[in-house]
Amino acid sequence: MTTALIMVNNLTSDSNVILGTVPYLNVQPMLWAIERGLVGKGISIVSEVPRRLAASLNNGAYDTAIVPVFEYFRHPNQYTYIQGPVIASRGEVYSVLLFSTEPWETLKRVYLDSSSLTSVNLFKVLAAEKGLHVEYIDTSHHAPPLPLPPGTGWVVIGDPAMAQRGMHPCSMDMGLAWRDLTGLPFVFAAWLAPRNLRKPGLAELLNESLETGLQNLERVAADSAARFGFSPQFALRYFTTHIHYHLGNEELAGWAEFGRLCYKHGLTSSLPELQPYRYH
């Protein structure tokens, strides 16, 4: 038995742990081992769309949650990030898209997915870097008219974005657009935790769960795909081709660059340093 597993067992036997997650296919390799009792035990998992998940974490509902990374920029003194598992892309992410009636560089009005926190701000960064002047419309109360009117775009994330692929005249993959702009990976979500959190073994639990999921991706795909309306073959390709699950040096650089550009374009009020979670 490894040290990491010993720490995980200490965590689950001595502590109640509540994890927050999102209702999307992309997180399933992170959670599959926990949900099946292969790693840890007695862990509570609660699912919300990204924007609401971030608000709930901010209000103390979870020990940690896989939340949009933009949440860190909004409350930099409140959070640390858990090193290891993330939802990132090194190019085409396939599930964070701008749909439009024409090439995105010509748009005048863009509807923003009300579930999103990071991706809507990613689009604002991409547009600002292109020098575009765009009217942004929140969809919390009013969905965009369909078909989209001329000169209009719509940022959509997660499984709903994948379900709409091919239904609009144009689409732009925002993971690929970020790579083209910066040459860096993009981190969409990370496990954030309050800075005062003291849960020995929490980071080990999440890393062990991810590695177990990645070692059993065919089973993860077979077990989870139908719940989200996809085939196992599609899910496996999505997990292996489009989503990158490890926070390496390039991913950290991409996350930091996103923070710098958010600050440059007035989307955040400060330029925080990214602080990893440490418990000894």
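Phe186 is buried, at a relative accessible area of 1%, where buried means under 20% relative accessible area, exposed over 50% and partly exposed in between (1.4 Å probe, protein chains only). The model is predicted: local features need pLDDT of at least 70, side-chain atom pairs count only at pLDDT 80 or more, and totals for chains, interfaces and linings use all residues. Residues are numbered from 1 along each chain as its sequence is written, and side-chain values use heavy atoms, with hydrogens and water left out.

**Aromatic pairs**

Rings of Phe, Tyr and Trp (its six-membered ring) pair if their centres lie within 6.5 Å; planes under 30 degrees apart count as stacked, over 60 as edge-to-face and the rest as tilted. By this rule there are 15 aromatic pairs.

| Pair | Type | Centre to centre | Angle between planes |
|---|---|---|---|
| Phe186 and Phe188 | edge-to-face | 4.6 Å | 65° |
| Phe186 and Phe258 | edge-to-face | 4.9 Å | 70° |

Because Phe186 lies in strand β10 (residues 186-194) and Phe258 in helix α11 (residues 249-264), their pair ties together parts that are 72 residues apart in sequence. Helices (H or I, at least four residues) and strands (E, at least two) are DSSP runs, numbered from the N terminus. Phe188 is buried, as is Phe186, and Phe258 is buried with a relative accessible area of 1%. One aromatic cluster is formed by Phe70, Phe73, Trp178, Phe186, Phe188 and Phe258.

**Helix α11**

The 16 residues of α11 should span 22 Å at 1.5 Å a residue, and this agrees with its end C-alpha atoms, which are 22 Å apart; the expected span is 1.5 Å times one less than the number of residues. Besides Phe258, the buried residues of α11 include Glu251, Trp255, Glu257 and Leu261. The buried residues of this helix pack against α4 (70-74), β4 (79-89), α5 (118-129), α7, β10 and β11 (244-246), with contact meaning heavy atoms within 4.5 Å. Just after α11, Gly266 has a positive phi of about 75°.

**The five-stranded sheet**

Five strands make an open sheet in the order β7-β6-β8-β5-β9, with mixed pairing; two strands pair if DSSP finds at least two bridges between them. β7 (135-138) and β9 (170-173) are the edge strands, each pairing on one side only. On average, neighbouring strands of the sheet are turned by 25° against each other, direction ignored. Axes are lines fitted to C-alpha atoms, for helices over the stretch in contact, and angles run from 0 to 180 degrees between N-to-C directions. β6 (residues 109-112) pairs with β7 in the parallel sense over four bridges, and Leu112 stands opposite Asp138 in β7. Across β5 (96-100), β8 (152-157) and β9 lies helix α7 (residues 174-182), which runs at about 60° to β9.

**Charges over rings and backbone geometry**

A charge sits over a ring if NZ of Lys or CZ of Arg is within 6 Å of the ring centre and within 35 degrees of the ring normal. The charged end of Arg165 is 3.7 Å from the ring centre of Tyr94 and sits over that ring. Lys124 lies over the face of Tyr136, 5.3 Å from the ring centre.

Most residues other than glycine have a negative phi, and most peptide bonds are trans. Tyr94, in the loop between β4 and β5, has a positive phi near 80°. Leu146 and Pro147 are joined by a cis peptide bond, with omega about 0°; Pro147 is in the loop between β7 and β8.
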